[in-house]
Amino acid sequence: MSETTSPPSSPTSEPGPTTRRALRAAASTVDGLPTAAADGSVAQWTDRYTHAVMDTFGPPQRVLVRGEGPYVWDADGNRYLDLLGGIAVNSLGHGHPTLTAAISAQLGTLGHVSNFFGSPTQIAFAERLLQLAQAPDGSRVFLTNSGTEANEAAFKLARRTGRPRILALEGAFHGRTMGALALTHKAAYREPFEPLPGGVEWVPFGDVAALEAALAPGDVAALFVEPLQGEAGVLPLPPGYLAEARRLTARHGTLLVLDEVQTGMGRTGSWFAHQLPHIGGGVVPDAVTVAKGLGGGFPVGALLAFGDSTASLLGRGQHGSTFGGNPVASAAGLATIGVIERDGLLEHVTGLGARLRRRILDLDTPLVEAVRGEGLLIGIGLSAPVAPAVASRALAAGFIVNPVNPTSIRLAPPFVLTDEQAGTFVDFLAELDPAEVAA
């Protein structure tokens, strides 16, 4: 695919009025039964939300009723370019026909079975993941419902070494369930729920000497690392850090666990970020966790354990999941992988991501101080703590972005985004008045 062209196959064309009416009509009934999308304004739905949904996220910024390609629409009919992709989840965009067909076909054949049984879809999905990860013989997969559950499984895997200590990096985010939360560095996330599972320590981000010192006693079970820290503002590790981490963990018999929940499945232009030479340097980890874009919007995650000795740490009855490996989730994962390959989306992510980062960096605005990231996981560093204000103005202008911290905007758009669509956000940034944003 040329770097200047759009993906050869994407469902991003703007529907006309007739199509929009048909979509609304189709969404309002199923076999003649009304659905929740039948009617209601954003204000009405927001009011109902505050009375029905637990207040863990605050009031919704908008109530969205449908999506197509990289666009979503709210209950008032306003359209938004989704540059967050459900936080790096909707890799194929919204309503992708291949993904929709695969899920529908599987659900119409075999929707769910307990994990006392296998299914061809589950087995093929696990095999495909191991192939993409270039995992050695003896490697195996544990399928989960989400990224935090994948890290939870990795935490238990580490415990099975019998060693008492586990390391993670300062700034790390590994999830919000109790085990994964224990690995997450931000005190505000952890402290309300302490005591958490013990034995976790954090080492300074990107500091090889500090890591070497922490590993020296030889009692560390695992080191958890994100190739890019998404929640910290899309912060890349220093060049060579992962290779040094691999060398040191191998020397001390410590598992190297790569959290690719956000960076995996093509988000950085490679199936896994650590496979990029300038990030991973050829490292072979002991385990990788993945989720988010894995199912293209359908909930599914996975722990990949490399080699028989690591893959056999969790034995029979020591872990489980009701829905993990569900045939529908597995079908969604296989379809997502298939579309990414069929449509050349890894190359598109690499090219578009580079062009988009360059265009933002070249903007003549004092608002933008830095641009970070790989592929279509992009962090825009701002010159002042105005990220929430920028995101609010972007939303009002029809763009969904994420103020991941006070000075950073995170972009993780669908892979089917085109140059032209991305350019509309660049134009928005160019016209944004820093003084008005700061006011």
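**A hairpin and a helix pair**

Modeller: Strands E3 and E4 form a hairpin in which 2 residues lie between them, and Gly 69 in the turn has a positive phi of about 60°. The structure is a predicted model. E3 covers residues 64-68 and E4 covers residues 71-74; the two strands pair in the antiparallel sense over 4 bridges. Within this pairing, Gly 67 has Val 72 of E4 as its bridge partner.

The helices H5 and H13 may be described next. Two packed helices are described by the angle between their axes and the distance between the axes. Helix H5 (residues 120-132) packs against helix H13 (residues 327-342) at an angle of about 40°, and their axes are 8 Å apart. H5 passes H13 in a left-handed crossing. On the H5 side, the contact is made by Thr 121, Gln 122, Ala 124, Phe 125, Arg 128, Leu 129 and Leu 132. H13 contributes Pro 327, Ser 330, Ala 331, Gly 333, Leu 334, Ile 337 and Glu 341. By class, this contact of H5 with H13 has 8 nonpolar, 4 polar and 2 charged residues.

As to confidence, the protein chain averages a pLDDT of 93, and 93% of the residues score at least 70. Over residues 1-19, however, the pLDDT is below 50, and this stretch has 45 contacts in the model beyond near neighbours in sequence. Where pLDDT is low, the predicted coordinates should not be read in detail.

Note on methods: Residues numbered from 1 in each chain as written. Predicted model: local features only at pLDDT ≥ 70, side-chain atom pairs only at ≥ 80, totals over all residues. Heavy atoms only, no water. Axes fitted to C-alpha atoms, helices over the stretch in contact; angles between N-to-C directions. Left-handed = near helix turned anticlockwise from the far one by under 90°. Contact = heavy atoms within 4.5 Å. Nonpolar A, V, L, I, M, F, W, Y, C, P; charged D, E, K, R; others polar. pLDDT = per-residue confidence, 0-100. Pairing = 2+ DSSP bridges.
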